[in-house]
Amino acid sequence: MTSAQKAGSVWLATADLPQYDELRADLRAEVVVVGGGLIGLTTALELQLEGADVVLLEADRIGGRTSGNTTGKVTSQHGAIYADLADRHGLETARQYATANQAGVERVAELVDRFGIDCELTRTPAFVYATGDTDLRREAEVAAEVGLPAHYADPAELGLPVKATGVVRFDNQLQLHPTRYLAGLAAAFTAAGGRIFERTRVTDLDSADTGVEAKTQAGPVVRAEHGIAATLLPFGITGGYFARTRPQQSHGIAVRLPVPAPVGMAISVDGPTRSTRPWPGGGPNGLIVVGSDHEVGDQTDTDAAYRSLIDWVGALWDDRFEPEYRWSAHDYSTPDQLPYIGKAPGTPVFVATGMHKWGLSNGTVAAGILRDLVLGRDNSWATLYDAGRIGDAHAVASLVKDNLKVGKEFAAGHLRRLLGGGLDHVEVGEGGLFEIDGTTVGAYCDHDGKLHTVVPVCTHLGCPLRWNQGDATWDCNCHGSRFDPDGAVLDGPATKPLTVPDK
């Protein structure tokens, strides 16, 4: 990374998020929501507007992780998904998914209008395109048949200088500044009487005599009739979702082109995935590019992921670019392509996870489902997203394969990844695994020359961790937990920090 590039989300760098106090004493509420991202804030607001007494607890800052690192697309266009949904689950399932997500798009627009949220909301088309042999004509047919504003389009409409072999256009979609939107949701929630507490990590959310208890790392407890885990993945072992999903990481850059940026949103269906949208903060030439997908912890040289995005932009516009911002985020995928939303099996806790990187629309749908479940109302899409389902034969086979991979990760440990030399040989900006007196130590030397060391074993279920050079994090390939150089939890399902080696 050069000095001209800023590590961190362009959205977090260009929004003033409100700040809230830590929880310092026990509380009671009707509903406790854990997680201050898109799903948590929207769910909390929806319930507060219905007259519920809601408390929201956030481990760090609202919008500080995945929701503040999203692409900012609010769309029912989720890659080439509709033909696949119809083939696997039937046309009616594809129709329900389409209807739910288009409704999610419109609910975002309604909330922005109702509360006057200044978040650069813009109506724009969303394109999915192929550059290889993938035939998108059936995708266009199914999307139109299930009621979406979609059609097979002329490649010239795409606006990107790629050799597209097929294009599907979805009209009347949305893009926005996600963290400004989240700030608006938080303001609306607290204005309606809701309470937010930041830097309050919940370590356990489970049944109690009066409903549920949210226990925090610092000690205070929130007791409520209903509990909602609106974290990226339910923490700990709640519902077993760590074994029913896979963590997928993407990387993003914000650049200024030498010409005006394409006005629409776009995503490629052929690998490697490239997702683009205009960046209003970068002027008419501003462009956001996201892609270089891989599973969390699967790659250690994530600098290469950023370089591939920069090279792709440079090849298209025949120029050399220095991104102004670079960041990454991850989300969880499910084996049947449908998120899990509802009551977690064997617990009183409501959950929402597995958004497949389409959390702004799917997450808004989730908020409506969770609201209705808490209030005891019917919801048209609750069955579709049932959090207790197992899935079809294809899904079961995928789960078996994924968990075999996790087992191999446990068994492999750190044997293949040890670096030599000792801690006095760690270069500035370098991190990795070192063997010291027969013990594996994770070490990173920051750009000020300070050495940070941890025991590189995930506190969730004991998987070995890998150093992520591009983001300076310790990542777990088993279930997606991530930690900063000093071992603090960035993303669950882990709730405890890493152990520090004995001096």
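Here is a short walk through this structure, which is a predicted model.

Let's start at a single residue, Ala-86. You'll find Ala-86 in helix H3, which covers residues 82–89. Is Ala-86 buried or exposed? Its relative accessibility is 13%, and buried means under 20%, so Ala-86 counts as buried. Who are its partners? If you skip the neighbours within four places in sequence, Ala-86 is in contact with Leu-91, Ala-94, Arg-138 and Val-142. The chain also brings Glu-139 into this part of the picture: Glu-139 is 53 residues away from Ala-86 along the chain, yet their C-alpha atoms are separated by 9.8 Å.

Now zoom out to the helices. H3 has a partner in H4, and the axes of these two helices come within 6 Å and cross at roughly 140°. The crossing of H3 and H4 is right-handed. Which residues meet there? On the H3 side they are Tyr-82, Leu-85, Ala-86 and His-89, and on the H4 side they are Leu-91, Thr-93, Ala-94, Tyr-97 and Ala-98.

Next comes helix H5, residues 137–145, where Glu-139, Ala-140, Val-142 and Ala-143 are buried. What covers them? The cover includes H3 and H4, along with strand S6 (150–152) and strand S7 (166–175). Just after H5, look for Gly-147, which takes a positive phi of about 100°.

Time to look at the inside. In soluble globular proteins, nonpolar side chains tend to be buried together. Here, the largest nonpolar core has 72 residues, and Tyr-82, Tyr-181, Leu-185 and Ile-228 touch the most other members. Helix H4, residues 91–115, gives the most to this core, with 9 residues. Take Leu-185 for a closer look: beyond its neighbours within four places in sequence, Leu-185 is in contact with Leu-38, Leu-41, Thr-42, Leu-45, Leu-111 and Ile-117. There is also a second, separate core of 24 residues, and among its members are Leu-57, Val-212, Val-222 and Ala-229.

Val-212 leads us to the last stop, a pair of strands. Strand S9 (residues 202–208) and strand S10 (residues 211–216) run antiparallel and are joined by 6 bridges. With 2 residues between them, S9 and S10 form a hairpin. Which residue stands opposite Val-212 in S10? That's Ser-207.

Terms used. Residues are numbered from 1 along each chain as its sequence is written. This is a predicted model: local features need pLDDT of at least 70, side-chain atom pairs count only at pLDDT 80 or more; totals for chains, interfaces and linings use all residues. Side-chain values use heavy atoms; hydrogens and water are left out. Helices (H or I, at least four residues) and strands (E, at least two) are DSSP runs, numbered from the N terminus. Buried means under 20% relative accessible area, exposed over 50%, partly exposed in between (1.4 Å probe, protein chains only). Contact means heavy atoms within 4.5 Å. Two strands pair if DSSP finds at least two bridges between them. A nonpolar core is a set of buried Ala, Val, Leu, Ile, Met, Phe, Trp, Tyr and Cys residues joined through side-chain atoms within 4.5 Å. Axes are lines fitted to C-alpha atoms, for helices over the stretch in contact, and angles run from 0 to 180 degrees between N-to-C directions. A crossing is left-handed if the near helix is turned anticlockwise from the far one by less than a right angle, and right-handed if clockwise.
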